[in-house]
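Here is a short report for a first look at a structure.

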Amino acid sequence: MTSRYRASTSSEGVSSLSPRRRTVVKAAAATAVLAGPLTAALPARAATGTPAFLHGVASGDPLPDGILLWTRVTPVPEAIPGSGLGPDTEVGWVVARDKAFTSIVAKGSTTATAAADHTVKADIRGLQPATDYFFRFSAGGTDSPVARTRTAPATDAGVAGLRFGVVSCANWEAGYFSPYRHLAARGDLDAWLHLGDYIYEYKSGEYAARGKVVRPHAPANEILTLADYRTRHGRYKTDPDLQALHHKAPVVAIWDDHEFADNAWSGGAGNHTEGAEGTWTARQAAAKQAYFEWMPVRPAIEGTTYRRLRFGKLADLSLLDLRSFRSQQASTGTGSVDDPERTLTGRVQLDWLKAGLKASDTTWRLVGNSVMISPFAIGELSADLFKPLAKLLGLPQEGIAFNTDQWDGYTDDRRELLAHLRTNAIRNTVFLTGDIHMAWANDVPIDAGTYPLSASAGTEFVVTSVTSDNLDDIVKVPEGTVSAVAAPIIRAANRHVHWVDTDRHGYGVLDITADRAQMDYYVLSDRTDPNATSSWVRSYRTRSGTQKVERTYDPV
């Protein structure tokens, strides 16, 4: 099908299961050990010294007049990701209206250097709005794969519809990235949203599929250094399904914690031991540098991923960075979750978000949100279900009513934001969320304790994980077993939750018109099968002006 839309960006202003504890490794030695087998696996042209594009190409952050293009070139066999080896290499790029490149509209060149891990970006401008383009790179007589991208519609354009793929939480060792393949095969996406945990930082075997490694990480150690993070990003970009999706549509991505370390906050992480694993400042800087090298993301403020894209008059999309500025997670069961001195967003980002939502003149205000904003209480679960659920959510296993890694642990920020939406009569705010390895469809209540008598300030669609363990995987029971028991109890304790699926892996497709925003939820047959099928399971929508979710019975 032909896509209908596209976005403009105004670069304004700009958890998960957490296995504990790690063995300190020597990253440099591990990189050296990997160099041999990785070089041996290169195609013949790379092994003979001819440049090769082994990590595909990608585009992202579409504008009405431009797009950000990305690739990584391997100039010589030893120039594997993270090695710091290989010569400076000229890389050309070309953009055309057609796949055969008979109608070229832009071309140029840049230099890939070891200092940037031989990654390159080209921020193309002067393009037409709401237009499909094709692009490729070249180096040393070798062409990259050809990929499709699309620009945004003009800022004031009337837009009939938008369609996005929506994904989160892709753990390499836990399975194959079939959701990416199925999204790529659709052919109708204007863009796709990655809501965080594009990579995982764990050492091999520490976090796999019900404890079993489906395919091993590179490097094998927990990633700590710049070389480590580059190597891990490089491994991910070899996945054929991920490459296929990058070749079909531009990505709009934000990070969550695992691009750094589990339960990351501004001054550390649950999965970081200061001293034994170096300083958090150095590790965070390395993770951010590798991310911006390897992702087609245009940072609005250097070192963050919060920014805003606009899709004509139909929607704008505020993308959040909920790791760089947050206070350390509160101890569960304490009143510190309500401490106004603690923050999830940071003052500057929260003010930026509030101002953007208030000033928005689009029909829909979308918020790319890496951790769940809807309140969540456990209710009365049996011990055999509560303990693994608590483990997945990062809760103490003796019981508690919230996950302090998400907005429940930073209630003053949430209270301020929701009050702002209500006071200013800001309608049609939809939070798009990942992280929690479950699928949810929620209203976002002003007061969860009195809901549904109290108002709803917005709605939230949460997508499940691509491959990372969810609740049935932790309990190690057949898929659907846990959800059948836990979902009704969760809904009874959280009346704003319309649906929750605790057990399955998959992805979402978000379709927006002037009348409604609809999320179609798809699930995988088997994340450990590289040929896994997908099937539609549920759809929920919010109709314009209602601030509430309702079930609908047909996917778009």
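## Terms and basis

Buried means under 20% relative accessible area, exposed over 50%, and partly exposed in between (1.4 Å probe, protein chains only). This is a predicted model, where local features need pLDDT of at least 70, side-chain atom pairs count only at pLDDT 80 or more, and totals for chains, interfaces and linings use all residues. Residues are numbered from 1 along each chain as its sequence is written, and side-chain values use heavy atoms, with hydrogens and water left out.

## Aromatic pairs

The structure holds 22 aromatic pairs. Rings of Phe, Tyr and Trp (its six-membered ring) pair if their centres lie within 6.5 Å; planes under 30 degrees apart count as stacked, over 60 as edge-to-face and the rest as tilted. The planes of Tyr 202 and Tyr 207 stand at 85°, with ring centres 5.2 Å apart, so this pair is edge-to-face. Tyr 202 is buried at a relative accessible area of 1%. Tyr 207 is buried too, at 2%.

Trp 499 and Tyr 521 also pair edge-to-face, at 4.9 Å centre to centre and 65° between the planes. Trp 499 belongs to strand β21 (residues 497-501) and Tyr 521 to strand β23 (residues 516-524), so the pair ties together parts 22 residues apart in sequence. Helices (H or I, at least four residues) and strands (E, at least two) are DSSP runs, numbered from the N terminus. Trp 499 is buried, at 8%. Tyr 521 is buried, at 3%.

## A cluster and two charges

One aromatic cluster is formed by Trp 172, Phe 177, Tyr 180, Trp 192, Tyr 198 and Tyr 236. Arg 215 lies over the face of Trp 172, 3.7 Å from the ring centre. Arg 136 lies over the face of Phe 101, at 4.1 Å. A charge sits over a ring if NZ of Lys or CZ of Arg is within 6 Å of the ring centre and within 35 degrees of the ring normal.

## A loop residue

Where is Thr 513 found? This residue is in the loop between β22 (506-512) and β23. Thr 513 touches Ala 160, Leu 314 and Trp 364, leaving aside residues up to four places away in sequence. Contact means heavy atoms within 4.5 Å. Thr 513 and Leu 162 are 351 residues apart in sequence, yet 6.8 Å apart in space, C-alpha to C-alpha.
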